[in-house]
Amino acid sequence: MTTRITKQNTPGSLLKAVQEKADVNLGVCYQCRKCSIGCPVAGEIESPPSEIIRRLQLGAGDELLQTGLIWTCLSCETCYARCPNRINFAAVVDALKAIAVEKGVAKPEGDAPLFNRSFLNTVRSHGRAYDLKAIAMYKLGAGNLGQDMDKFPAMLKKGKIAILPPSGADKGKVKRIFEKAAKNKGAGR
Amino acid sequence: MKYAYYPGCSAHSTARDMHESCLAVSKALGIELNEIKGWTCCGASSAHQTDRELAASLACANLLKARQMGMDMVVNCAACYNRSKVANYEIVNSVQMRQSVADSLGEPYDGSVPVRHFVEILLKDLGVAALRKKIVNPLTGLKAAAYYGCYLVRPPEATGFDDPENPTILERLIDVTGAEDVEWSGKVDCCGGMQNLTRTEITVRRSAAVIEMAQAAGAQCVVVACPMCQISLDVRQADMEKLLGKKYNMPVIYLTQLLGLALGISPEKLGFDKLMVSPAAVLKAARKPVRQNVKG
């Protein structure tokens, strides 16, 4: 998988934003490629981790957000664990995801942002995750309500998934945390 | 042995078996787990993909509650364990994160509450010798693959769980039960659990690779300590078999379920009825001594 990269340190470069958001210094990468060799989804994406770092160094912009690669990541952190220079590449991917969502880039395959919103909405309402509601919201939004219908009856019967919403959480604390996060985002953080 | 216990959201939903077996084993071993009152979601993988400060704040809300109890926080869900450990690590290493979290929670937190996985306290606080004395039903003849996945061991500087490439905590506990751990190279591979609902085929393929490696090593069951791994390897096994046209029949059980059997606790109290893949091979090994008694 060869990607042609041209040096274009344009104002649109994502390098600074990603380094700040992920709290990493990508300048220390010397392309040993241990991250790419250990990546369980390297075969499924256009650029493996070391190549994404190189592209960022060379001034890549929004094109990194438009490919599906950042949404294929499993957050397994093998890249980070094996990096000899301790670059937290998993945090780089999280930063790219957050920037993609902020910029409203086209929804990726699988629509993970919709899943994350559905999940966190239940946490905000109940103080704890409410799987059934999160899954229903996600599947409704993603239009794949039919998938996994073969498993739900057995899981419900076995009590492997809860029907009733969670109770007993300190909801006030969670509400405050979400309100602060929304406020910080509004302040441009 | 008293701890502040953080069950995690899955304890009352997809991982009731993990929670029930943890409580049953604790009771049998005299470990006192005090559930943190009003505990809230750690943010799981959705929060850190969305907003780092939100993720750390959600995890720290529980760490602050544990601090008030003055005990180590014990977690049995590897994902919650990971998020809590990472939050502590970020708080200690970043002034900006510490300030942001304090602002979000309305009180300061210094990242100092010890976070322990339940299997760590079994091995390090209770110890192998004390555990062996309690084994009444050794699972002799059962071959088990110890599977760690990602959350326990990575990132190593935050979790500090064990050797990140070759951990042995689960093997040492399997050994205590009388079962035999198999040598295999898949124990810290990823099951693909994070894409379970979003890019299901990736999860199915990753998990199938793990199951096949365990099978090739001669394992009769995979032993886990993470509900994300358990769901991927167990609930998705039917999808793997369909996609790849093979039959696996590989039970995927929690370490606490395995240990519980060896401690003589009934399978019903350990949540064995919650498993999707039949745990017959495991339960057969557990029943053996009883049969011998009947014959004798």
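Mentor: Let's start with a way to sort residues: Ala, Val, Leu, Ile, Met, Phe, Trp, Tyr, Cys and Pro count as nonpolar, Asp, Glu, Lys and Arg as charged, and the others, Gly among them, as polar. This is a predicted model, in which local features need pLDDT of at least 70 and side-chain atom pairs count only at pLDDT 80 or more, while totals for chains, interfaces and linings use all residues. Residues are numbered from 1 along each chain as its sequence is written, chains are lettered from A and ligands numbered from 1 in the order in which they are written, and side-chain values use heavy atoms, with hydrogens and water left out.

Trainee: How many helices and strands does chain A have?

Mentor: Helices (H or I, at least four residues) and strands (E, at least two) are DSSP runs, numbered from the N terminus. Chain A has 10 helices and 0 strands. An automatic or database domain assignment divides this chain into domain 1 (15–102) and domain 2 (112–186), whose C-alpha centres lie 28 Å apart.

Trainee: Next, the empty space. How is it found?

Mentor: Rolling a probe the size of a water molecule over the atoms shows where empty space is left. On a 1 Å grid over the protein atoms alone, a cavity is a set of points where a 1.4 Å probe fits but cannot get out; a pocket is an open set with protein on both sides within 12 Å along at least five of seven lines; lining residues have an atom within 4 Å of a point. Points are joined across faces, edges and corners, and the volume is the space filled by probe spheres set on them.

Trainee: Which residues lie nearest the centre of the second largest pocket?

Mentor: They are A:Arg117, A:Leu120, A:Lys185, B:Thr50 and B:Leu54, out of 18 lining residues. The pocket has a volume of about 410 Å³. Helix 7 of chain A gives the largest share of its lining, 6 residues. By type, this lining holds 9 nonpolar, 4 polar and 5 charged residues.

Trainee: And how much space lies in the largest cavity?

Mentor: About 770 Å³. Its lining has 38 residues, with A:Phe115, A:Asp131, B:Thr14, B:Leu197 and B:Met228 nearest the centre. Of these lining residues, 22 are nonpolar, 11 polar and 5 charged. Helix 11 of chain B supplies the largest share, 5 residues.

Trainee: What lines the second largest cavity?

Mentor: That cavity has 20 lining residues, and A:Cys39, A:Val41, A:Pro49, A:Cys73 and A:Phe89 lie nearest its centre. Its space is about 180 Å³, and its lining divides into 16 nonpolar, 3 polar and 1 charged. Helix 6 of chain A gives the largest share, 3 residues.
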